[in-house]
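Colleague: I am new to this structure and would like to go through it with you. Could you put it on the screen, please?

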Amino acid sequence: MKVILKSDVKNVGKKGQVVNVADGYARNFLIARGLAVPQTERSMEILAAQKEEEKKEDARKKAEAEALAEQLKGITLEFRVKSGKEGRVFGSVSTKQIVEELRKRGISVDKRKILDTQPIISLGVTKVRVELYKGVIGTINCSLKGSE
């Protein structure tokens with residue numbers, strides 16, 4: 001029996017996939033638990049409409065991420081750290097501090113999406129990359145200034 005999976009099922013397939021399974025498994029397990037629906041002409045139309053909607057949503061999110069990446073290009077975050085003679089820095093700036101500074105400016109970024117995970121430990125301007133969406137990477141300028 002051919003069924004359309006409504007969610008991921010281990011060792012069977014992924015959501016939205018049409019799979020051929022035994023009749024009893026389909027009726028007694030997959031359909032009974034709401035994990036799948038029988039493949040019919042109407043269900044295939046619904047699946048096509050859902051996939052089209054997902055594509056539109058994906059394109060919208062990607063466009064938002066690209067707009068945010070453009071916005072991040074013009075931003076320079078400034079941090080003050082204690083430093084000694086010859087520019088030696090005491091302490092560092094972590095991804096958490098970068099995210100907090102962005103939040104103060106009204107920009108929401110998940111700290112796990114920051115690609116350069118090493119703390120910033122040198123004075124001057126450092127570029128930090130952030131993955132905003134699949135394939136969309138923004139760059140933030142972080143400026144460390146020392147104070148003795």
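Colleague: Is Lys 73 buried or exposed?

Modeller: Lys 73 counts as exposed, at 54% relative accessibility. Here buried means under 20% relative accessible area, exposed over 50%, and partly exposed in between (1.4 Å probe, protein chains only). Please note that this is a predicted model, where local features need pLDDT of at least 70 and side-chain atom pairs count only at pLDDT 80 or more, while totals for chains, interfaces and linings use all residues. Residues are numbered from 1 along each chain as its sequence is written, and side-chain values use heavy atoms, with hydrogens and water left out.

Colleague: Which side chain meets that of Lys 73 in a salt bridge?

Modeller: That of Glu 70, at 3.2 Å, N to O. A salt bridge is a side-chain nitrogen of Lys or Arg within 4 Å of a carboxyl oxygen of Asp or Glu.

Colleague: How are Glu 70 and Lys 73 placed in helix H2?

Modeller: They are three residues apart in helix H2, so about one helical turn separates them. Helices (H or I, at least four residues) and strands (E, at least two) are DSSP runs, numbered from the N terminus.

Colleague: How many salt bridges does a search of the whole structure find?

Modeller: Seven. One of them joins the side chains of Glu 78 and Lys 145, at 3.7 Å, N to O. That pair links distant parts of the chain, with Glu 78 in strand S4 (residues 76-83) and Lys 145 in strand S7 (residues 136-147), 67 residues apart. Glu 78 is partly exposed at 49% relative accessibility, and Lys 145 is partly exposed at 33%.

Colleague: What about Arg 112, which side chain does it meet?

Modeller: Arg 112 forms a salt bridge with Asp 110, at 2.9 Å, N to O. Arg 112 is exposed at 70% relative accessibility, whereas Asp 110 is partly exposed at 32%.

Colleague: Changing topic, where is Leu 47 found?

Modeller: Leu 47 belongs to helix H2 (residues 41-73) and is buried, with a relative accessible area of 9%. Leaving aside neighbours within four places in sequence, Leu 47 is in contact (heavy atoms within 4.5 Å) with Ile 4, Gly 16 and Val 18.

Colleague: And Thr 95, buried or exposed?

Modeller: Thr 95 is buried, with a relative accessible area of 18%. This residue lies in helix H3 (residues 95-104). Not counting residues up to four places away in sequence, Thr 95 touches Lys 111, Ile 114, Asp 116 and Thr 117.
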